[in-house]
Amino acid sequence: MTLFSVTRKNIQGNFKNYLIYFLSMIFSVVIYYTFVSLQYSEEIQKSIQSWETMRSIFVQASIMLILFVTVFILYSNAFFTKKRKKEVGLYSLLGVRKKTIGKMLFYENLIMGAIAVLIGVLLGTLLSKLFTMMLLKLLSSTINVSFSISFEAVLNTLIVFSIIILFTSIQANRLIYRFKLIELFHAEQEGEQVAKASVGAAAGSIILIAFSYWIVFHPITEQQLVQLSLVLFGIVAGTYLLFRSLIVYLLRASQKNKSRYYRGMNLIGTTQLIYRFKGNARTLTMISLLSSVTLCAISVGYGGYYNIEKTARNWSPFSYSYISKNEVFDHQADQIILEDKEHPVQGKLDISVIQVNGDISDLEYVPYGYAAKSVPTRLIAVSTYNQIAKVLNREENLRLSGNEAAAIRPWQDNTFSDYVGHTITLKLSEENHSIKFVKMFEERVLGWVSPDIYVVVSDRLYTDIAKQVKPFVYQAYKVKNEKSTIETAKKLEKLLAKDTELSTFYTMYTKELESSGIDIFLLGFLGLVFLAATGSIIYFKQLNEAYSDQERYQILRKIGVSKREVLTTLSKQTLFVFLLPLVVGILHCTIILKAIFGVNLAEKTIMIPIFMVMAAYVIIYLGYYVLTVKSSNNIVNK
Amino acid sequence: MKTIVEAKRMKKIYGGKGNVFTALDEIDLTVREGEFVGIMGPSGAGKSTLLNVLATIDTPTSGDVVIDGTSIINMKEEQLSAFRRDKLGFIFQDYNLLDTLTVKENILLPLALAKMNVAELERRVAIVADKFAIGSILEKYPYQISGGQKQRTAAARAIVAKPSLILADEPTGALDSKSATDLLESLKDLSEQDQATILTVTHDAFAASYCGRVLFIKDGKLFTELVKGKGTRKEFFNKVLDVLAALGGGASDVI
Ligand SMILES: Nc1ncnc2c1ncn2[C@@H]1O[C@H](COP(=O)(O)OP(=O)(O)OP(=O)(O)O)[C@@H](O)[C@H]1O
Ligand SMILES: [Mg+2]
């Protein structure tokens with residue numbers, strides 16, 4: 001027998017394992033190639049106005065992908081190797097020289113890798129066109145997508161995968177030297193001991209997770225990095241212990257209830273799960289963490305895209321606003337805006353504003369880069385505010401007297417604290433003046449400036465302070481169809497280039513559209529990849545499990561368990577394995593969203609997109625579940 | 001007495017296309033309620049195959065098996081499973097214990113599947129565990145116990161639900177003579193007191209002497225049959241030895 005014919009026999013005998021490994025490699029190549037060819041696509045570069053900044057985002061995302069495909073390929077390689085240890089041991093036992101076996105495994109892996117790259121690039125070419133179209137659609141670009149293979153993308157992919165495949169090939173070569181024969185034969189039995197659950201570890205899991213959730217909301221240190229590491233460590237370790245010990249412990253506890261445990265297939269279902277969980281703790285941990293990262297990422301991205309208009313309106317509440325310099329300019333600007341007949345003016349205001357320094361140490365929020373004792377603070381008279389509210393269609397008729405004031409929450413304030421009841425002190429040249437907040441608005445009134453502290457004060461106070469500090473005036477316009485005022489916005493930008501704090505809704509809107517469009521695309525892409533990967537990992541794991549359970553179900557069938565009962569218990573067990581990481585993932589994600597991104601989940605505009613993302617995720621995940629149950633059932637219930 | 005098992009011209013062919021092997025060749029067999037029947041024959045004669053077909057674990061290639069008046073050909077999968085669960089106890093040649101369950105859980109599995117209440121279940125398990133002297137290993141897992149202990153566990157599982165038909169494939173193969181005698185005595189009790197019908201495969205003439213009737217199989221065919229009748233066990237034992245000698249070629253395989 002030549003080495004070649006042995007190898008061929010190998011592949012035939014282990015076809016399923018080869019196929020799974022091979023498909024995983026192709027999958028990785030397709031994903032990676034698709035992504036980098038987007039990065040090199042001229043159509044996309046043309047449609048993105050700020051391509052240079054976006055490029056770095058693409059590069060970062062591709063680095064994440066490299067990490068991901070590396071881990072994924074190594075994982076499937078390990079899985080594949082484990083399945084083949086016995087076979088390798090057999091060759092050795094039959095007297096094939098170690099060197100020959102090593103060479104065989106090396107070339108086998110190398111050839112499979114090369115073919116996978118070839119197929120992957122071909123498939124990726126098709127997919128990249130699809131994704132380019134999707135991205136351009138998100139960016140509302142009208143450029144047509146041509147059909148082309150990007151040389152740079154191919155080169156990039158080749159380099160990355162050559163390294164990965166060479167590494168795994170060398171590992172395959174070393175396999176025969178790394179293990180003793182007896183270890184190669186026992187590979188399949190690893191991780192199959194019956195799990196014992198320690199109370200300490202089970203409690204530890206709860207404590208770790210609870211602790212990290214708690215410090216998410218009550219930071220214990222000022223240092224972001226330390227804080228973040230603590231949270232991460234708590235969540236990762238806690239989740240691992242959860243799967244390794246807590247679940248096993250709970251299942252063991254459920255065995256104590258004999259009248260439930262000794263009833264029908266519960267006996268089988270529970271023991272099978274206990275048996276499984278400990279061996280799979282690492283995989284399940286990885287899956288729940290991956291799920292939560294994916295969910296978070298897509299939620300944030302989609303939330304951004306979903307709320308573009310709202311965000312843009314917060315950046316620039318008026319269609320146009322700028323600080324008036326002199327009458328000539330004002331007149332010119334006014335002409336430009338009035339000439340634009342497609343966007344008739346709905347309201348125009350002169351907004352008088354005073355800027356003084358204020359001591360805001362009574363507030364929880366401190367603007368970045370400022371000391372709370374002295375922060376530039378902008379004042380607006382209450383009558384002006386009411387006018388603004390009217391033009392911007394906000395139901396508000398605010399009355400303030402004396403030292404009463406109303407706060408407008410600064411854009412970057414994520415503290416959720418209520419300002420009502422707090423006081424700030426305005427530092428005037430003659431004397432300091434304390435004002436007290438009686439009202440708080442979430443919606444902003446003028447274009448964003450740093451540090452963005454706007455306070456509404458009574459008309460009396462405003463005129464008093466105006467005697468000491470000279471006010472300046474914003475010209476603010478609200479027009480119809482403000483999303484499409486591209487020409488007017490451009491003209492105004494040309495006219496009012498400097499020091500006018502010109503802010504146009506159109507510019508903000510397109511900027512948001514572009515960046516969130518790309519965000520959602522990248523995050524969605526990565527999310528999809530992660531989802532596919534997590535789904536596949538569980539799928540393969542369960543299939544593998546089904547093979548080793550085959551005999552047990554065979555025995556059960558012999559003693560009178562019907563096919564339907566086998567299917568039922570199989571579905572339940574699989575559901576448990578699928579659902580648990582998902583629930584844990586969703587829980588982590590919710591907390592992370594709330595804490596790190598300051599997402600207020602009760603708010604409708606945020607809840608809807610997040611809910612949609614989760615629903616989509618769950619549906620795809622359930623698809624994997626159904627597929628897994630079907631395939632496992634075919635294996636154990638023949 | 002009524003007929004429990006009736007096999008008619010039962011045939012079992014393994015393999016296909018060019019590589020066929022006839023494991024059972026037109027076997028006719030009738031077993032009545034309460035009978036204790038032994039099956040003997042050389043290795044590879046088709047004994048396990050016969051039991052498997054009777055147990056509805058395997059299907060005959062042709063012919064029919066009627067159990068308790070119903071032909072298994074007409075039974076649906078659900079009915080067959082229900083039959084195995086409610087009526088049948090099988091002591092497998094290779095034990096077929098579940099390695100994820102303790103000895104105790106293995107034994108009580110048929111009772112759990114029948115959804116028996118816990119008190120009665122525990123009582124039954126205690127009785128059979130006592131009968132087969134495995135009370136001390138109840139909490140162990142199958143990989144922690146010896147072959148003989150596994151066989152006794154398998155026997156305990158087969159009889160714990162008091163099935164009306166017990167099929168045993170070399171139930172004493174891994175046992176010392178004391179344990180073997182105990183097991184055979186309890187099988188005999190079941191057939192005499194509970195009217196359980198028992199078919200047991202054995203290579204051991206001593207074990208066969210417990211039976212009321214012994215069938216001899218060779219190359220998938222019924223070779224001959226011995227009935228104990230009025231004689232003593234000792235006489236029957238000698239007759240069995242005679243037939244085994246007459247079986248010829250396989251004799252060296254047999255004992
Ligand atoms: N699944 C199968 N496929 C092909 N041939 C089989 C199969 N099962 C059994 N056989 C063959 O059928 C014949 C009868 O097998 P069986 O297991 O019934 O023998 P047995 O009488 O129980 O032998 P032993 O005393 O060794 O247990 C044997 O020759 C065996 O090789
Ligand atoms: Mg046999």
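Okay, let's start with one contact: Asp549(A) makes a salt bridge with Arg276(A), and their closest N and O atoms are 2.6 Å apart. By salt bridge I mean a side-chain nitrogen of Lys or Arg within 4 Å of a carboxyl oxygen of Asp or Glu. Asp549(A) sits in helix H18 (residues 505–558) of chain A and Arg276(A) in helix H11 (residues 266–279) of chain A, so this pair ties together parts that are 273 residues apart in sequence. Helices here are DSSP runs of H or I with at least four residues, strands are runs of E with at least two, and both are numbered from the N terminus.

Quick housekeeping before I go on. This is a predicted model, where local features need pLDDT of at least 70 and side-chain atom pairs count only at pLDDT 80 or more, while totals for chains, interfaces and linings use all residues. Residues are numbered from 1 along each chain as its sequence is written, chains are lettered from A and ligands numbered from 1 in the order in which they are written, and side-chain values use heavy atoms, with hydrogens and water left out.

Back to our pair. Are these two buried or exposed? Asp549(A) is buried, at 4% relative accessible area, and Arg276(A) is buried too, at 7%. The cut-offs are under 20% for buried, over 50% for exposed, and partly exposed in between, using a 1.4 Å probe and protein chains only. Over all chains, a search of the whole structure finds 30 salt bridges.

Now take Arg313(A), which has two partners to talk about. One is Glu309(A), with the closest N and O atoms 3.2 Å apart. Arg313(A) is partly exposed at 29%, and Glu309(A) is partly exposed at 31%.

The other partner is Glu482(A), where the closest N and O atoms are 2.6 Å apart. Glu482(A) lies in the loop between strand E8 (472–479) and helix H17 (486–495) of chain A, and Arg313(A) is in helix H13, so the pair ties together parts 169 residues apart in sequence. Glu482(A) is buried, at 7%.

Let's hop over to chain B for some strands. Four of them form an open sheet in the order E2-E1-E4-E5, with antiparallel pairing. Pairing means that DSSP finds at least two bridges between two strands. Which strands are at the edges? Those are E2 (21–32) and E5 (70–71) of chain B, each pairing on one side only. Strand E1 (residues 3–14) of chain B pairs with E2(B) over eight bridges, and Ile13(B) has Thr22(B) as its bridge partner in E2(B).

Further along chain B, strands E9 (residues 213–218) and E10 (residues 221–227) pair in the antiparallel sense over six bridges. They form a hairpin with two residues between them, and Asp219(B) in the turn has a positive phi of about 50 degrees. Ile217(B) has Leu222(B) as its bridge partner in E10(B).

Last stop, the layout of chain A. An automatic or database domain assignment sets the bounds, giving domain 1 (1–190) and domain 2 (345–479). How far apart do their C-alpha centres lie? The answer is 58 Å.
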